[in-house]
Amino acid sequence: MTTLPPPTDEIARLVDLIGPEAALRLVEARGGARVYVCDPAAGGAIVDIIGVDATAALHARYGADTIKVPIARPWRVLCYLAMGMSQEAAALKAGCSRNSVQRALDKFGHPDGRTVRPATSQLDMFDKAG
């Protein structure tokens with residue numbers, strides 16, 4: 001599997017608890033909603049989404065309670081880019097605009113470490129004509 005980028009502050013606690021792959025599946029399926037953390041042996045919607053082990057980790061931490069799942073859009077964008085998606089495809093999958101993708105890249109950098117924007121703007125080429 002693709003190595004996912006480090007979590008943003010919004011999702012860090014969840015990633016530390018259940019791992020990045022399970023956290024990504026959870027925010028994709030239930031981001032922005034409250035989810036009941038059931039006993040993993042009893043099964044339930046959350047077990048279907050993230051699996052028994054991740055549900056057991058959530059249940060050990062929160063018990064049989066509801067948790068609010070963050071939307072974590074910037075981290076999701078970075079994950080999709082790390083998986084090789086284009087910026088346009090990442091925006092569509094994360095449910096945001098291309099400008100939101102650019103803001104995430106400006107704030108956190110590209111997951112593979114490359115520079116996202118050129119060091120100079122294209123208008124500089126007109127100033128150097130001569």
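Me: Is threonine 55 buried or exposed?
Reply: This is a predicted model, in which local features need pLDDT of at least 70 and side-chain atom pairs count only at pLDDT 80 or more, while totals for chains, interfaces and linings use all residues. Residues are numbered from 1 along each chain as its sequence is written, and side-chain values use heavy atoms, with hydrogens and water left out. Buried means under 20% relative accessible area, exposed over 50%, and partly exposed in between (1.4 Å probe, protein chains only). Because its relative accessibility is 0%, threonine 55 counts as buried.

Me: In which helix is threonine 55 found, and which residues does threonine 55 touch, not counting residues up to four places away in sequence?
Reply: Helices (H or I, at least four residues) and strands (E, at least two) are DSSP runs numbered from the N terminus, and threonine 55 is found in helix H4. Contact means heavy atoms within 4.5 Å. Not counting residues up to four places away in sequence, threonine 55 touches Val37, Cys38, Pro40, Ile46, Val47 and Ile50.

Me: How many disulfides does a search of the whole structure find?
Reply: A disulfide is a covalent bond between the sulfur atoms of two cysteines. The criterion applied here is a pair of cysteine sulfur atoms within 2.5 Å. Cysteine 38 counts as buried because its relative accessibility is 7%, and cysteine 79 is buried with a relative accessible area of 0%. For the whole structure, the number of disulfides found is 0.

Me: Which residues does leucine 26 touch, not counting residues up to four places away in sequence?
Reply: Leucine 26 is one of the residues with the most contacts inside the largest nonpolar core. Setting aside residues up to four places away in sequence, leucine 26 touches Leu14, Ile18, Gly31, Ile46, Ile49, Ile50 and Val69.

Me: Against which helices do the buried residues of H7 pack?
Reply: The buried residues of H7 are Val101, Gln102, Ala104 and Leu105. They lie on the same side of H7 because they cover an arc of only 160° around the axis, the arc being that of the directions from the helix axis to the C-beta atoms. On the other side of H7, Asn99, Arg103 and Lys107 are exposed. The buried residues pack against H5 and H6.

Me: How far apart in space are alanine 91 and glutamine 102, C-alpha to C-alpha?
Reply: Alanine 91 is found in helix H6 and counts as buried, since its relative accessibility is 3%. Leaving aside its neighbours within four places in sequence, alanine 91 is in contact with Cys96, Ser97, Arg98 and Val101. Alanine 91 and glutamine 102 are 11 residues apart in sequence, and their C-alpha to C-alpha distance is 9.5 Å.

Me: What percentage of the residues in the protein chain is buried?
Reply: The protein chain has 8 helices and 2 strands, which follow the pattern α-α-β-α-α-β-α-α-α-α along the sequence. Of the 130 residues in the protein chain, the buried share is 35%.

Key
A nonpolar core is a set of buried Ala, Val, Leu, Ile, Met, Phe, Trp, Tyr and Cys residues joined through side-chain atoms within 4.5 Å.
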